[in-house]
Amino acid sequence: MSSVTLKNVTKIYDKKKVIDNVDLNINDKEFVVLVGASGCGKSTLLRMIAGLEEITDGEIYIGDKKVNDVHPKDRDIAFVFQSYALYPHMTVRENIAFGLKMRKVDKETIEKKVREAAEILDLGEYLDRKPKQLSGGQRQRVALGRAIVRNPKVFLMDEPLSNLDAKLRVQMRSEIKKLHEKLQTTFIYVTHDQTEALTMGDRVIVLDKGIIQQADSPENIYNNPANTFVAGFVGSPQMNFIEGKILDKGDCIVGIRPEKMVTGGDIKLTVNVDITELLGSEKIAYFNIGNKKCSAKLPADYQLGETLELSINPADLYFFDNDAGKRI
């Protein structure tokens, strides 16, 4: 059983709560992504699960075992860092094997596990190279290999792709998903990139100021956001927010995705476009509605003119409480 359970977990730095009473159940073999802006607490939460940060309050379980006071090396987890953390003077083989050697595993078992990991990660021909002779993607695969050979209950990954270029990040995303399918164990993955979160996670946990804003499937995070923070954080460009009013209920915030601003519907809008951005197959137009900056996704052949006619389907609108930002 490699489930992970957090009960009322809190972390306080200098009298400030950076993790605020978090409850979370991560299922055995689940791929969960913690996502949020810098400083939201996602890496701190991951490090507390690993035992690299002390818990101020609450309980953490790995399987059925409470691990609050268990040393990181005894938690049966593997941590993959953003910086790869490879030893530059060691070969790929030695880097992958290092943790096993420290645990005094016999040489035959080490060699077998290293070969198996190298095969999974397509590193067989690089085993005798040093890290400086590898690309960024290959170095990250070595870091993954070092984690794989330990056969941990839980993989913890802290923004492992943030040092890679855009093309390589896309490639490594699919490689990590394939790895999860092969290993069939629990993955907890931290990123600030909402695209990574939506494409990789079985479930996405959106954090803000140390509080879980929504824990849900990628589809529901995008299509049924719980509040304005989640709605605005997920999606590129972000959701448009416009001041609105619900009859007999008062003021509210109306949200609509940029890609829904040109669908056929009963609501007609004429706006003055300030600027456009070409994104290959589509073009983003920016304009104001009232005093709110908004955008729409248009066909790539749209030509900037004085005005833009928009047509919106009421079914595509979201409504949020004007004070707390909660979905109505």
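First, the ground rules. The model is predicted: local features need pLDDT of at least 70, side-chain atom pairs count only at pLDDT 80 or more, and totals for chains, interfaces and linings use all residues. Residues are numbered from 1 along each chain as its sequence is written, and side-chain values use heavy atoms, with hydrogens and water left out.

Now the overview. The protein has eight helices and 18 strands. Helices (H or I, at least four residues) and strands (E, at least two) are DSSP runs, numbered from the N terminus. Along the principal axes, the C-alpha atoms fill a box of roughly 70 × 45 × 35 Å. Of the 328 residues, 48% are buried. Buried means under 20% relative accessible area, exposed means over 50%, and partly exposed is in between, with a 1.4 Å probe and protein chains only.

On to the aromatic rings. A pair of rings is described by the distance of the centres and the angle of the planes. Rings of Phe, Tyr and Trp (its six-membered ring) pair if their centres lie within 6.5 Å; planes under 30 degrees apart are stacked, over 60 edge-to-face, and the rest tilted. How many aromatic pairs does this rule give? The count is eight. Take Phe31 and Tyr189. Their ring centres are 6.0 Å apart and their planes stand at 40°, so this pair is tilted. Phe31 sits in strand 3 (residues 31-35) and Tyr189 in strand 8 (residues 186-191), so the pair ties together parts that are 158 residues apart in sequence. Both Phe31 and Tyr189 are buried.

Compare that with Phe229 and Phe233. Here the centres are 5.8 Å apart and the planes are at 15°, so the pair is stacked. Both residues belong to helix 8 (residues 228-233), four residues apart, about one turn of the helix. An α-helix has 3.6 residues a turn, so residues three or four places apart point the same way. Is Phe229 buried or partly exposed? Phe229 is partly exposed, because its relative accessibility is 23%. Phe233 has a relative accessible area of 17%, so Phe233 is buried.

Back to Phe31 for a moment. Ring pairs link Phe31, Phe155, Phe187 and Tyr189 into a cluster. Phe31 also has a charge over its face: Lys177, at 4.9 Å from the ring centre. The rule for that is NZ of Lys or CZ of Arg within 6 Å of the ring centre and within 35 degrees of the ring normal. Arg257 lies over the face of Tyr222 in this way, 4.1 Å from the ring centre.

Next, cysteines. Cys252 has 2% relative accessibility, so Cys252 is buried. Cys294 is buried as well, with a relative accessible area of 3%.

Now helix packing. Two packed helices are described by the angle between their axes and the distance between the axes. Axes are lines fitted to C-alpha atoms, for helices over the stretch in contact, and angles run from 0 to 180 degrees between N-to-C directions. Helix 2 (residues 92-102) and helix 3 (residues 107-120) pack at about 130°, with axes 10 Å apart. Those two helices are therefore oblique to each other. Under 35 degrees is roughly parallel, over 145 roughly antiparallel, 65 to 115 roughly perpendicular, and the rest oblique. Helix 2 passes helix 3 in a right-handed crossing. A crossing is left-handed if the near helix is turned anticlockwise from the far one by less than a right angle, and right-handed if clockwise.

The axes of helix 4 (residues 136-148) and helix 5 (residues 166-183) come within 11 Å and cross at roughly 20°. That makes helix 4 roughly parallel to helix 5. Their crossing is right-handed.

Last stop, helix 1 (residues 42-50). Helix 1 is mostly covered, with seven of its nine residues buried. Among them are Leu45, Leu46 and Ile49. Gly51 follows helix 1, and its phi is positive, near 90°.
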